[in-house]
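This report is meant for a reader who is meeting the structure for the first time. Please keep the sequence and the 3D view at hand while reading.

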Amino acid sequence: MALAERVETQPERPASLAARVVDWIRRRSGVKLSLVLGPGAFWLVVFFLIPLGVVLAYSFASRGAYGQVIWRLTLENYTRFFDWLYIRVFLVSVWIALLTTVICLVIGYPFAFVMARVPRRWRNALLVLVMVPFWTNFLVRTYAIMLLLRNEGLINSALRWLGIIEQPVTMLFTTFAVVLGLVYGYLPFMILPLYASIEKFDFTLVEAAQDLGANTWQVFTRVMLPLTMPGVVAGSILVFIPSVGAFVTPDLLGGGKVVMIGNLIQQQFLTVRHWPFGSAVSFVLMAVVLISTMAYFRVGGERRV
Amino acid sequence: MGRTADVELRNVSKVFDNSVVAVDDVSLEIEPGEFFSLLGPSGCGKTTTLRMIAGFEMPTSGEIYIEGRPMGETPPFRRNVNTVFQNYALFPHMTVAENVAFGLRMKRVPRDEIARRVREALQLVRLAGFEDRYPRQLSGGQQQRVALARALINRPRVLLLDEPLGALDLKLRKEMQLELKHLQMTVGITFIYVTHDQEEALTMSDRIAVMNAGRVLQVGTPLEIYERPSSRFVADFIGESNFLEGRVTGLNGQQVTVVIDDRVPVPARAQDGLAVGEQVTVAIRPEKIRLRPPGMERTDGCVRGRVEEVVYIGTDTYYLVRLTERCTVRVRVQNSQNRLDSGEAVGEGAEVLLSWVPETAMVLKA
Ligand SMILES: Nc1ncnc2c1ncn2[C@@H]1O[C@H](COP(=O)(O)OP(=O)(O)O)[C@@H](O)[C@H]1O
Ligand SMILES: [Mg+2]
């Protein structure tokens with residue numbers, strides 16, 4: 001058996017986290033990174049890194065009496081954030097985003113599973129169904145949800161007509177409404193990467209596991225879930241990040257009663273006109289999102305699939 | 001009687017989508033410790049038969065018994081059988097040791113016993129030292145053996161193997177054939193082995209069931225299948241055969257005479273239920289035919305012909321010999337002498353005499 005030589009050696013573990021993420025993506029997608037990164041790098045610098053630098057600079061500046069930015073360097077904007085008032089907003093945002101992500105996962109996984117298993121001609125129909133909401137403006141869709149949830153809305157009217165309730169149930173301007181809006185808005189971002197993962201999954205492995213005595217639950221947890229983990233990780237990140245920073249949905253469906261960190265930032269920039277503080281909050285949010293994403297990548301990426 | 005068969009199929013049929021008859025009224029009895037092959041061309045229903053025994057498909061009608069118990073709707077994980085899949089189906093996210101341990105983990109066997117049995121199983125398939133590799137770090141042959149170890153560690157009553165060597169190259173396949181046969185004799189487990197490779201089936205099996213179009217055509221030892229094919233399909237699929245169509249003209253004891261194209265009488269092995277005048281096919285294998293120069297005619301069983309083509313294939317030489325306008329036979333002669341030294345004994349266009357032992361020619365009803 002001179003077959004040992006054929007086995008490739010494991011590549012050395014990249015040192016930095018960023019390099020790890022890039023490596024993780026490369027191993028999973030099989031995309032030639034240089035090809036993608038060439039033109040992408042230009043856009044990234046002009047439309048992302050430069051504005052980001054400007055915001056970073058602002059976050060250390062001060063506010064003048066009329067809301068103008070004064071270049072007196074200070075850390076005040078950051079220390080100010082550690083007030084329970086703002087921390088609470090922050091925690092509520094993370095909680096709502098987590099809830100949204102978990103609900104999207106619980107709904108999205110079975111949906112993506114079915115989509116990957118039905119005959120090919122049905123598959124495209126289901127894909128279109130997932131995409132259809134994108135054809136309508138996000139605001140219009142959010143207003144539509146408002147119409148459904150209002151006290152005089154469709155749901156309450158229907159329930160009253162059926163005699164199930166007498167007084168309308170308050171649904172609009174609650175955490176429930178915000179989570180509903182976010183789930184509705186971001187579910188496709190969960191389904192698509194999950195579908196891509198499950199579609200690649202080799203279903204003879206399910207039979208192999210059953211043959212070896214695994215019941216349905218064991219088949220799922222021991223074989224299917226670990227092997228579709230890249231889809232779970234990607235989908236969760238794609239839902240969590242925009243959810244935690246959302247401001248239109250909590251604004252419309254939360255009606256000022258549910259304040260998320262996105263609303264806080266928006267307020268600081270547009271209403272209070274305290275750009276330096278708004279910038280600082282933005283940076284805290286970004287740092288937290290970045291760190292939690294990295295941590296998540298590590299957990300999901302550790303498993304060698 | 002006495003022993004119950006390990007696996008028994010009674011009038012089992014499987015129809016897909018209300019129209020595709022994949023398995024058609026198959027009855028089989030597989031004895032304990034037997035190496036039993038299902039042999040047939042692609043699409044004849046071998047995999048479906050195996051999947052019904054494993055419990056992945058339910059028969060449309062008929063019943064499957066394992067160790068004498070009817071299986072009904074018993075799910076795969078409650079059957080005392082294990083499968084080696086055609087593409088191995090190893091778990092890519094688990095190491096070799098984890099793959100092999102999987103079945104015992106599901107049965108909640110104690111840890112130290114799992115460790116011990118994994119070691120034994122890997123030794124059995126000669127993969128000790130590969131515990132921490134991942135499947136993608138193994139060659140095809142090694143993956144194959146991991147799949148075997150993963151199934152055998154559960155000590156099933158019956159092991160089902162679906163073309164397990166199909167993905168390997170020829171040389172490795174030959175090696176693994178012997179190794180598998182040896183392994184089966186060592187562990188004493190009943191093997192049901194699916195293959196479309198007749199040579200593989202002949203080499204390894206105790207008994208073979210030849211299938212075509214969902215039906216079992218013949219069951220027997222390799223010798224019986226090869227020497228006494230009961231149908232034209234079996235004679236053609238297993239090894240090579242010449243088919244000569246003709247009419248029975250004479251019956252005497254062990255031997256019948258069949259006249260080809262109303263002109264050439266040939267001898268063949270007698271068989272029950274033949275009548276003079278009946279239209280039949282005589283099947284004779286190319287290597288059973290002797291080929292001699294003319295002028296040495298004996299009284300019985302010699303047929304005259306003309307060589308049309310000579311093909312040298314190394315170990316043997318093929319001669320295509322014309323008997324009548326409509327009938328040719330292929331003759332295979334072993335090159336026991338150095339053909340360069342002895343010269344071309346019989347060339348194209350030569351007149352030759354063909355003869356064979358009558359028992360080697362089978363009469364098949366038309
Ligand atoms: N799940 C299925 N649905 C429909 N037809 C099937 C299915 N599985 C097998 N068949 C059909 O049944 C027949 C036998 O298939 P199979 O048992 O795989 O043959 P083999 O293993 O001998 O090549 C084929 O015609 C095949 O197309
Ligand atoms: Mg098959």
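How many bridges join strand 1 (residues 7–16) of chain B to strand 2 (residues 20–30) of chain B? There are seven, and the two strands run antiparallel. The model described here is predicted.

## Strand pairs in chain B

Strand 11 (residues 242–252) of chain B is paired with strand 14 (residues 279–284) of chain B through six bridges, in antiparallel fashion. Here G246(B) stands opposite V280(B) of strand 14. Strand 11 of chain B is also joined to strand 12 (residues 255–260) of chain B, again by six bridges and antiparallel. In that pair, V248(B) has V258(B) of strand 12 as its bridge partner. The hairpin of strands 11 and 12 of chain B has two residues between the strands, and G253(B) takes a positive phi near 60°.

## Buried helix residues

Helix 1 (residues 46–54) of chain B is mostly covered, with seven of its nine residues buried. Among them are K46(B), T48(B) and L50(B). After helix 1 of chain B comes G55(B), which has a positive phi near 100°.

In chain A, I96(A) belongs to helix 4 (residues 84–117). Is I96(A) buried or exposed? I96(A) counts as buried because its relative accessibility is 0%, and the cut-off for buried is under 20%. The C-alpha atoms of I96(A) and I145(A) are 18 Å apart, while the two residues are separated by 49 positions along the chain.

## Salt bridges

Over all chains, the structure holds 28 salt bridges. One of these joins the side chains of R117(B) and E113(B), with an N to O distance of 2.9 Å. The two residues are four apart in helix 3 of chain B, so about one helical turn separates them. R117(B) is buried at 9% relative accessibility, whereas E113(B) is partly exposed at 25%.

Another salt bridge is formed by the side chains of R145(B) and E179(B), at 3.8 Å from N to O. This pair links distant parts of the chain, 34 residues apart: R145(B) is in helix 4 (residues 140–152) of chain B and E179(B) in helix 5 (residues 170–187) of chain B. R145(B) is buried, with a relative accessible area of 3%.

E227(B) and K288(B) also form a salt bridge, their closest N and O atoms being 3.2 Å apart. E227(B) lies in helix 7 (residues 222–227) of chain B and K288(B) in the loop between strands 14 and 15 of chain B, so the pair ties together parts that are 61 residues apart in sequence. E227(B) is partly exposed at 27% relative accessibility, and K288(B) is partly exposed at 24%.

## Charges from both chains

A positive surface patch is formed by R222(A) together with R105(B), R108(B) and R111(B). R111(B) is located in helix 3 (residues 111–124) of chain B. With a relative accessible area of 69%, R111(B) is exposed.

Definitions and conventions. Residues numbered from 1 in each chain as written. Chains lettered and ligands numbered in written order. Predicted model: local features only at pLDDT ≥ 70, side-chain atom pairs only at ≥ 80, totals over all residues. Heavy atoms only, no water. Patch = residues over 30% accessible without salt bridge, like charges linked within 9 Å, V, L, I, M, F, W, Y side chains within 5 Å. Areas by Shrake-Rupley, 256 points an atom, 1.4 Å probe, with all protein chains shown as cover. Salt bridge = Lys/Arg side-chain N within 4 Å of Asp/Glu carboxyl O. Lys, Arg positive; Asp, Glu negative; His and termini not counted. Charge placed at Lys NZ, Arg CZ, Asp CG, Glu CD. Buried < 20%, exposed > 50% of the residue type's maximum accessible area, 1.4 Å probe, protein only. Pairing = 2+ DSSP bridges.
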